[in-house]
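Please keep the sequence and the model at hand while reading.

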Amino acid sequence: MEIISDITETQDRCLATRASGQTIAFVPTMGFLHDGHLSLLREGRKRGDLLVLSIFVNPTQFGQGEDLDHYPRDFERDESLARAAGVDLIFYPSAEAIYPAGYATYVTVEGPLTTTLEGACRPTHFRGVTTVVAKLFSIVQPHVALFGRKDHQQLAVIRRMSADLNLPVDIVGMPIVREVDGLAMSSRNVYLSPAERQQALVLSQALDRGRQLVADGVREVAEVLAALHAMIDAQQDARIDYLLICHQATLREQERIDADSVLLLAVSIGKTRLIDNGSLLNPQDF
Ligand code: AMP
């Protein structure tokens with residue numbers, strides 16, 4: 001396994017791989033790897049001759065006062081997990097290399113895809129995500145890139161960007177990997193105290209409850225959301241950022257639940273902000 005920090009060296013390596021007729025599968029991450037990331041790597045291993053993992057805590061997707069400086073990092077551990085997952089190349093650039101002095105170019109997906117949900121709470125977040133993903137695609141030149149449905153909106157935004165910019169990369173969405181008790185895996189889960197970790201279960205429990213109501217025949221979005229609001233508000237340290245039912249592709253809010261409905265929620269448990277989502281009527285997540 002190679003570890004390369006230099007942008008030109010990585011690009012040259014990837015361009016040579018493409019020129020030789022081999023395919024490149026790419027998994028972009030911010031590191032501190034867990035089983036969610038590893039599921040993307042396992043799928044990537046099947047889909048590409050060269051499997052590239054990037055580890056980059058991207059400053060432009062963090063807002064003022066967010067956890068950029070405290071974001072968990074452990075490169076040595078990531079390196080051994082990546083090796084075991086069959087990664088061929090870790091691209092591990094510095095922030096100064098990605099955003100050198102004079103840097104002035106940003107990629108923005110406009111409209112409700114980026115202004116609702118996460119975009120409403122974190123107005124500069126998706127501009128940072130699309131900018132860094134566009135740059136990473138340009139450096140790694142992947143044939144296929146794998147993303148988790150844990151970040152449902154991010155996946156929708158990246159699909160939009162890739163289609164709009166005619167990027168020659170196949171975007172693959174992968175299922176959410178959860179702890180045995182249902183909590184969606186996240187690098188940020190380490191912030192939770194034991195008491196908060198227990199309360200954090202309310203996110204996946206709300207999803208389960210929503211699915212149950214729909215299975216019982218409820219189709220009114222307002223009715224489902226009222227029940228789930230009450231359930232989450234009952235947790236002492238939980239504060240809802242958003243709790244919405246939207247069309248899975250457009251992310252427009254719905255009034256009635258159908259096969260395209262996805263429940264999306266962001267809940268702060270103490271100081272830790274967690275997100276989760278899932279389809280309500282469709283047995284397959286989007
Ligand atoms: P991050 O390091 O948080 O930027 O995540 C890197 C990639 O891993 C993104 O495509 C995430 O959606 C994906 N990911 C994070 N957590 C999970 C999870 N629990 N299940 C599946 N994919 C995940």
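Between domain 1 and domain 2 the count is two salt bridges, a salt bridge being a side-chain nitrogen of Lys or Arg within 4 Å of a carboxyl oxygen of Asp or Glu. The model is predicted: local features need pLDDT of at least 70 and side-chain atom pairs count only at pLDDT 80 or more, while totals for chains, interfaces and linings use all residues. Residues are numbered from 1 along each chain as its sequence is written, and side-chain values use heavy atoms, with hydrogens and water left out.

**Domains and their interface**

- The domain assignment gives domain 1 (2-174) and domain 2 (187-285); such bounds come from an automatic or database domain assignment.
- The C-alpha centres of domain 1 and domain 2 lie 26 Å apart.
- In contact (heavy atoms within 4.5 Å) are 22 residues of domain 1 and 20 residues of domain 2.
- About 1800 Å² is buried between the two domains, and carbon and sulfur atoms give 57% of this area; buried area is the accessible area (1.4 Å probe) that two parts lose on being put together, summed over both.
- Of the area that domain 1 buries against domain 2, Leu117, Glu118 and His152 supply 33%, more than any other three residues.

**Salt bridge and helices at the interface**

- Asp67 forms a salt bridge with Arg188, and their closest N and O atoms are 2.8 Å apart.
- On the side of domain 1 that touches domain 2, α5 (112-115), α6 (118-121) and α8 (152-164) each supply at least two residues; helices (H or I, at least four residues) and strands (E, at least two) are DSSP runs, numbered from the N terminus.
- The most comes from α8, which gives three residues to that side of domain 1.

**Helix α3**

- Phe75, Asp78 and Ala82 are the buried residues of helix α3 (residues 75-84), where buried means under 20% relative accessible area, exposed over 50% and partly exposed in between (1.4 Å probe, protein chains only).
- Viewed down the axis of α3, these buried residues fall within an arc of 60 degrees, so they line one face of the helix; the arc is that of the directions from the helix axis to the C-beta atoms.
- Exposed residues Glu76 and Ala84 are carried on the face of α3 turned away from its buried side.
- The cover over the buried residues of α3 includes β1 (2-4), β3 (50-55) and β4 (89-91).

**Asn189**

- Asn189 is placed in the loop between β6 (170-174) and α9 (194-199).
- Asn189 counts as buried because its relative accessibility is 12%.
- Leaving aside residues up to four places away in sequence, Asn189 touches Leu183, Ala184 and Leu274.
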